[in-house]
Amino acid sequence: MKTLKLSIVAIMAMGTCSFASESLQEALTSGTYEGALRAYYFDRDIGHGTSKGSIINLGIDLDYESNSFYGFKVGFGFQSSNAVNADDDGKKALSWDMYGNGAVLSQAYLSYTLSKTTLKVGRQYIHLPLMQSSGSRLIRQSYEGSTLISNDIPDTTLFVAYANKYQNRTDGAGKIADFKDLTGDYAYTAGIINKSIPNTTLTVAYGELDESYDMSYLEANYKNKYNDISYGLSAQYSETDYDNSSTKDGNFYGLKADFGIGGVNVYVAYAEVNDGNAQWGVLGGGGKVVLYTSSIIDAGIYSESEQYAIDVNYTFQDLGLKVGARYIDIDFATNYSADYKLAYTDYKFKGALKGLTASLVYEEENHDLDANDFKELWAKLIYKF
């Protein structure tokens, strides 16, 4: 409530601006609607059967945002999930991220825009470097708080986000997750994204999770093209400082080079996680700063290690089809090692089925410790309207 009051005061202090609708009724009735129907199949095997099961989930997303009225907008977002005939093994193996029946109002916000600066207050999906709503599972994570994003400076995005409640994917007990208070009082992130250098994106972000840790993140991403050849170089660095002195601070850096010609795209990457355990973001699985050496499903190892990755994929432009494979090798400071093998494909339908997409991911980890081995298959069918 304190956050809401402060944010409303900030909105009123920003003054007035031109408006798109001439009446409140017009703003509400001329808003935009969008939605998605989702059918997901996940099959998981961890530790050679220690946790093994599969699940089929069906869900619908519905989102609405009003038209602008004196710079103000309201928005609402609804998500639902229904596991189809899930057995006990599937419920147990996928309880933390996929098995959760029900519905949740994930977005309910008021926003105000002045020039190219927008303040948004309430429940919302956030997409910032250290605080981001993960949409990799059926239910997308959401936050309750405030965001302020400004693009008034040319080639520059300034952002601040604050959250005091968080909605995960499931509650771990068979229901869809609802908004919960954080363990501490708050989580926040602030930073800048700058593109003033030609072909280059620079990102600087800082974040804190109350009573847990604070972290910083730096990234430089260069992309260019020579005739039909595209190429790029990227570097990233992150540092985590824990409030608990008994927890060892951690940091990591990564380097990546990519190359493309025609439909072929290749990248090679290296990452090193130093000292203790580095963190992936201040809140939410989607806030995970993706290591350049990350896999798709497991999404990155942040314990002390050296990591190497190579990815090769090909896009059939005329067909709307992309196929790829990735290999990752990880050497841990504990003298253990692991490797990941991935295969993936995406297909976008055309014609009468436009809006329908299908994707398939298979990933397996081979670890020196058998208990850490896993195999997982994701099949997703999504229709957006």
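This is a predicted model: local features need pLDDT of at least 70, side-chain atom pairs count only at pLDDT 80 or more; totals for chains, interfaces and linings use all residues.
Visitor: Is Asp155 buried, exposed or partly exposed?

Guide: Buried means under 20% relative accessible area, exposed over 50%, and partly exposed in between (1.4 Å probe, protein chains only). Asp155 has 49% relative accessibility, so this residue counts as partly exposed.

Visitor: What is the phi of Asp155?

Guide: Most residues other than glycine have a negative phi. Asp155 is not a glycine, yet its phi is positive, at about 60°.

Visitor: What is the phi of Asn199?

Guide: Asn199 sits in the loop between strand E12 (187-194) and strand E13 (200-209). With a relative accessible area of 40%, Asn199 is partly exposed. Its phi is positive although the residue is not glycine, and is near 65°.

Visitor: Is Ser111 buried or exposed?

Guide: Ser111 is part of strand E4 (residues 100-114). Its relative accessibility is 3%, so Ser111 counts as buried.

Visitor: Which residues is Ser111 in contact with, leaving aside neighbours within four places in sequence?

Guide: Contact means heavy atoms within 4.5 Å. Gly284 is 173 residues from Ser111 along the chain, and their C-alpha atoms are separated by 22 Å. With those neighbours left aside, the contacts of Ser111 are Gly71, Phe72, Lys73, Thr118, Leu119 and Lys120.

Visitor: How many bridges join strand E18 to strand E19?

Guide: Two strands pair if DSSP finds at least two bridges between them. Strand E17 (residues 264-275) runs antiparallel to E18 and is joined to it by 10 bridges, with Ala269 opposite Ala309. E18 and E19 (residues 321-332) also run antiparallel, and Tyr308 stands opposite Asp329. The bridges that join E18 to E19 number 12.

Visitor: Which residue takes a positive phi in the hairpin of E18 and E19?

Guide: This hairpin has 4 residues between the strands. The positive phi there is near 75°, and the residue that takes it is Gly320.

Technical notes
Residues are numbered from 1 along each chain as its sequence is written. Side-chain values use heavy atoms; hydrogens and water are left out. Helices (H or I, at least four residues) and strands (E, at least two) are DSSP runs, numbered from the N terminus.
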